[in-house]
Amino acid sequence: MSTIISLLIQSMANVMDVAFYLLYLLLIARFILNFYAYGVSNPGVVFVFRVTELVLDPVRRKMGIEARTVDMSMFAVFFASIMIQTVAVGILRKLAAAFA
């Protein structure tokens, strides 16, 4: 029974790891598209902007960033998600090892 729990926790850690890597890829794509895809109605570009805006907008509001200033919310989200990923995935993997 404990190995099933261990595998389940390890699987959750792997899924969380992949989700964070997808977030990183979307943030990098958004960073590049900010320079080249202004006003483009390509469905892929619209998808990247909509998905990343779900994460960036609350951070932008908390930081008090106005439209005229440099948008540092992307860097804040990127580095905060690296820290969250490191801690959360590490805890889950140690927990899975404890059940093994």
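In this predicted model, helix H1 (residues 2–36) packs against helix H3 (residues 73–99) at an angle of about 170 degrees, and their axes lie 8 Å apart. Angles over 145 degrees count as roughly antiparallel, and H1 and H3 are therefore roughly antiparallel to each other. The crossing of H1 and H3 is left-handed. Where H1 meets H3, the contact residues comprise 24 nonpolar, eight polar and three charged.

Helix H1 itself has 35 residues. From its first C-alpha to its last, H1 reaches 51 Å, close to the 51 Å expected at 1.5 Å a residue. The buried residues of H1 are Ser6, Ile9, Ala13, Asp17, Phe20, Leu23, Tyr24, Leu26, Leu27, Arg30 and Leu33. Their cover includes helix H2 (43–63) and H3.

The packing of H1 with H2 has an angle of about 100 degrees, with the axes 9 Å apart. That makes H1 roughly perpendicular to H2. On the H1 side, the residues that meet H2 are Leu23, Leu26, Leu27, Ala29, Arg30, Leu33 and Asn34. Their partners in H2 are Val45, Phe47, Val48, Phe49, Val51, Thr52, Glu53, Val55, Leu56 and Arg60. By class, the contact of H1 with H2 divides into 12 nonpolar, two polar and three charged residues.

H2 also packs with H3, at an angle of about 110 degrees and with the axes 9 Å apart. That makes H2 roughly perpendicular to H3, and H2 passes H3 in a right-handed crossing. H2 contributes Val55, Leu56, Val59, Arg60 and Met63 to this contact, and H3 contributes Ser73, Met74, Ala76 and Val77. The contact of H2 with H3 has seven nonpolar, one polar and one charged residues.

| Helix pair | Angle | Axis separation |
|---|---|---|
| H1 and H3 | about 170 degrees | 8 Å |
| H1 and H2 | about 100 degrees | 9 Å |
| H2 and H3 | about 110 degrees | 9 Å |

Met63 is found in helix H2. Partly exposed residues lie between the buried limit of under 20% and the exposed limit of over 50% relative accessible area; at 41% relative accessibility, Met63 therefore counts as partly exposed. Leaving aside neighbours within four places in sequence, Met63 is in contact with Met72, Ser73 and Ala76. Met63 and Ser73 are 10 residues apart in sequence, and their C-alpha atoms are 7.6 Å apart in space.

Notes:
Residues numbered from 1 in each chain as written. Predicted model: local features only at pLDDT ≥ 70, side-chain atom pairs only at ≥ 80, totals over all residues. Heavy atoms only, no water. Axes fitted to C-alpha atoms, helices over the stretch in contact; angles between N-to-C directions. Helix = DSSP H or I, 4+ residues; strand = E, 2+ residues; numbered from the N terminus. Parallel < 35°, antiparallel > 145°, perpendicular 65-115°, else oblique. Left-handed = near helix turned anticlockwise from the far one by under 90°. Nonpolar A, V, L, I, M, F, W, Y, C, P; charged D, E, K, R; others polar. Expected span 1.5 Å × (residues − 1). Buried < 20%, exposed > 50% of the residue type's maximum accessible area, 1.4 Å probe, protein only. Contact = heavy atoms within 4.5 Å.
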